Amino acid sequence: MPAARPSRLLDRSSPPHIATLIALTSLSALSMNLFLPSLPGMTAHFDTTYGVMQIAVAGYLGVNGAMQLGIGPVSDRFGRRTVMLWAIAIFCLATVGCLLATDVATFLAFRMLQAAIVAGIVLPRAAIRDLYSQDESASMIGYVTMGMSVAPMLAPALGGVLDGLFGWQASFVALLVAGIGAFALAYFDMGETAARSTSNFREQAAQYPDLLRAPRFWGYAGTAALSSGAFFAYLGGAPYVGSTVFGLDPATLGVYFGAPAIGYLVGNGLTGRYARTVGTNRMVLAGCFVNAAGLILSLALSLAGWGGPVAFFGCMTFVGLGNGLVIPNATAGALSVRPHLAGTASGLSGAIMIGGGAGLSALAGVILTGAATSRPLLWLMLATAIGSVAAIAMVIRREARLSGSRARN
């Protein structure tokens with residue numbers, strides 16, 4: 001249902017303002033890739049190999065996914081506000097540890113602790129679902145994600161500038177400053193949205209199978225994982241396609257590489273504008289079709305001999321657009337299956353998406369080894385896109401059956 005009282009910025013007696021939710025979600029995205037241009041310099045600084053330094057990315061992603069499984073249930077028990085504040089505090093302390101680390105093992109240990117900021121993705125979504133109906137929460141999540149999507153578009157460029165001016169540590173100083181600001185913003189603005197829980201962890205855990213046995217939850221979570229899986233496969237394979245198949249230099253590849261982000265920004269904007277009136281399931285279905293259609297077009301152009309970099313990366317805009325329609329709406333759907341377990345559902349669905357994405361990203365690298373065209377990657381992406389269509393179709397059929405049963409009764 002809609003929030004009982006309006007949000008007022010910097011008033012923690014009211015629900016969190018949308019600007020606060022965007023800021024918290026953006027910090028989580030910023031921490032992922034702000035420092036990426038500094039990886040070569042960090043490799044030299046810590047006197048290690050690039051493969052070891054890459055753990056700062058791959059290992060962080062794995063811990064990020066695992067933490068989502070715990071943050072959601074803990075927030076259902078103790079509240080969104082309390083868990084969010086603790087998570088930001090841990091992130092800030094871990095960032096200080098990264099700055100003070102004198103060897104790569106210590107740095108990586110603190111880097112893994114930085115993953116606590118994934119609460120900035122899990123908890124704003126859960127807070128939105130606490131306050132709004134399914135379709136309204138999809139719209140709000142769309143607006144939050146639209147604002148958040150700017151961060152990964154700009155972060156690598158900002159990180160490169162900071163590294164060039166001040167060295168690799170500058171990116172972590174920036175993250176520390178942002179973390180302190182986020183803590184202050186959450187402290188003064190993020191009012192509690194979850195209903196007070198009177199159950200202990202054993203009683204709460206006894207409710208989890210109710211969520212895990214819900215086919216609609218798995219349908220929504222699977223749809224989000226498969227649709228975003230096409231994008232994660234792109235992340236794993238596009239650098240090879242751009243540099244080896246098309247022969248692009250790093251600067252040109254960087255320009256082309258951001259094509260999906262443009263579509264993602266537009267898709268989230270459309271979700272924010274139309275989810276209330278069009279409905280969650282129809283928005284998800286449309287997004288899945290747009291995602292698949294872009295990949296079919298790219299594959300057709302490649303088979304016709306017109307699969308150059310403009311065609312390949314241009315079609316990836318549709319992948320981003322489709323995901324901008326799918327992810328906020330499918331997330332709202334997953335959180336609405338058992339609203340009293342919104343935090344748990346947010347964490348579990350996020351972990352499924354990140355875990356599946358990591359696997360598809362790695363698989364893309366494997367199947368492209370020695371490939372002379374982009375087609376192996378496109379076939380993999382198309383397979384996951386078609387899987388997302390099947391998953392949301394299952395949800396729609398099940399809801400139709402449930403509605404029919406209620407009507408007969």
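Analyst: Buried means under 20% relative accessible area, exposed means over 50%, and partly exposed lies in between. The model shown is predicted. Ala 261, which sits in helix α15 (residues 259-278), has a relative accessible area of 23% and is therefore partly exposed.

User: What is the distance in space between Ala 261 and Met 316?

Analyst: Their C-alpha atoms lie 9.1 Å apart, although 55 residues separate them in sequence.

User: How does one read Leu 185 in the same terms?

Analyst: Leu 185 belongs to helix α10 and, with a relative accessible area of 21%, is partly exposed. Beyond residues up to four places away in sequence, Leu 185 touches Leu 10, Thr 20, Ala 23 and Met 190. Thr 20 is 165 residues away from Leu 185 in sequence, with 6.7 Å between the C-alpha atoms. Among the buried residues of α10 are Phe 172, Leu 175, Leu 176 and Ala 186.

User: What span should helix α10 have?

Analyst: At 1.5 Å a residue, the 21 residues of α10 (residues 169-189) should span 30 Å, and the end C-alpha atoms are 30 Å apart, so the two values agree.

User: At what angle do the axes of α4 and α5 cross?

Analyst: The axes of α4 (residues 55-78) and α5 (residues 80-100) cross at roughly 130° and come within 7 Å, which makes α4 oblique to α5. The contact involves Ile 71, Gly 72, Val 74, Ser 75, Asp 76 and Phe 78 of α4, together with Arg 80, Thr 82 and Val 83 of α5. By class, this contact has 4 nonpolar, 3 polar and 2 charged residues.

Terms used: Residues are numbered from 1 along each chain as its sequence is written. This is a predicted model: local features need pLDDT of at least 70, side-chain atom pairs count only at pLDDT 80 or more; totals for chains, interfaces and linings use all residues. Side-chain values use heavy atoms; hydrogens and water are left out. Axes are lines fitted to C-alpha atoms, for helices over the stretch in contact, and angles run from 0 to 180 degrees between N-to-C directions. Helices (H or I, at least four residues) and strands (E, at least two) are DSSP runs, numbered from the N terminus. Angles under 35 degrees count as roughly parallel, over 145 as roughly antiparallel, 65 to 115 as roughly perpendicular and the rest as oblique. Contact means heavy atoms within 4.5 Å. Ala, Val, Leu, Ile, Met, Phe, Trp, Tyr, Cys and Pro count as nonpolar, Asp, Glu, Lys and Arg as charged, and the others, Gly among them, as polar. The expected span of a helix is 1.5 Å times one less than its number of residues. Buried means under 20% relative accessible area, exposed over 50%, partly exposed in between (1.4 Å probe, protein chains only).
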